[in-house]
Amino acid sequence: MANKPLIMDHPLIQHKLTLLRDKRTGSKEFREMIAEVSMLMCYEATRDLPLKEVEIETPMTMTKSNVISGRKLAFVPILRAGLGMVDGVLEMIPAAKVGHIGIYRDPESHKPVDYYCKLPKDIASRHVIVLDPMLATGGSAVEAINLLKKEGVQNIKFMCIIAAPEGLDALTTAHPDVQVYCAALDEKLDENKYILPGLGDAGDRIFGTK
Ligand code: PRP
Ligand code: URA
């Protein structure tokens, strides 16, 4: 059975999400806010990373303490808008590797079109967190995760800021093993497959292209 999405209702995340939704928020603040929300979400999305005990010496005595163990992490933003989330998550985990998958939605069919893929060589042995602020129809997320699975990746999480019920259904049906993290599950998609109430076009708002 598919994992239930984890909706991050922490007050700091919800406050920043409101600023992201507000159409008066300009590109500079929007970019900053995307990075901050991503940083806070990353904290929660990595809660289950395995730990191992190591022995260290404090200025007072020898002791045992935990460090992150096992497989390493990679972040994979879906271009373009996913790029806006990278700085925030790297603040939390600076040693993580970063792969890039380029996908855009065809404006007529709304189907995903891949145009780029560059992943760390050892991606198959890493835990991967896919980043994209918007999960609308779910086409882009499903396609990105198909690509990662073809490369042998077994442990995948998907972190978005806003999900639509339609996208969540599509993603959990195609990839029931993938845990989804979001800051909000919105109402629905409009006739152009934009999320309502949503925040508009994330890529355009991050990069100021409209
Ligand atoms: C947006 C968004 C997702 C996709 C979500 O990207 O960043 O990748 O749409 O829609 P879906 O769930 O229906 O696939 P867009 O296609 O606008 O490309 P961009 O980030 O390059 O602007
Ligand atoms: N892509 C976006 O950037 N926003 C939406 O609402 C849907 C797809």
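This dialogue works through several features of a predicted model.

User: Which conventions apply to the numbering and to the values?

Analyst: Residues are numbered from 1 along each chain as its sequence is written, while chains are lettered from A and ligands numbered from 1 in the order in which they are written. Because the model is predicted, local features need pLDDT of at least 70 and side-chain atom pairs count only at pLDDT 80 or more, whereas totals for chains, interfaces and linings use all residues; side-chain values use heavy atoms, with hydrogens and water left out.

User: Which residues does UniProt list for "binding site"?

Analyst: UniProt positions are given in the numbering used here, feature names are shortened, and annotations may be inferred rather than shown by experiment. The unreviewed UniProt entry lists Arg80, Arg105, Asp132, Pro133, Met134, Leu135, Ala136, Thr137, Gly138, Gly139, Ser140 and Asp201. Of these residues, the lining of the largest pocket includes Arg80, Gly138 and Asp201, among others. A pocket is an open set of points, on a 1 Å grid over the protein atoms alone, where a 1.4 Å probe fits, with protein on both sides within 12 Å along at least five of seven lines; lining residues have an atom within 4 Å of a point.

User: Which residues surround ligand 2?

Analyst: A residue is near a molecule if one of its heavy atoms lies within 4 Å of it. Ligand 2 is surrounded by Arg105, Met134, Ala136, Lys193, Tyr194, Ile195, Gly200, Asp201 and Ala202. A backbone N or O atom of isoleucine 195 lies 2.8 Å from an oxygen atom of ligand 2. For glycine 200, a backbone N or O atom lies 2.8 Å from a nitrogen atom of ligand 2.

User: How many disulfides are found, and why does cysteine 160 not form a bond?

Analyst: A disulfide is a covalent bond between the sulfur atoms of two cysteines. The criterion is a pair of cysteine sulfur atoms within 2.5 Å, and a search of the whole structure finds zero disulfides. The sulfur of cysteine 160 is too far for a bond, because the closest cysteine sulfur, in cysteine 182, is 5.0 Å away.

How values were computed. Polar contact = N/O pair within 3.5 Å; in protein donor to acceptor, adjacent residues only side chain to side chain.
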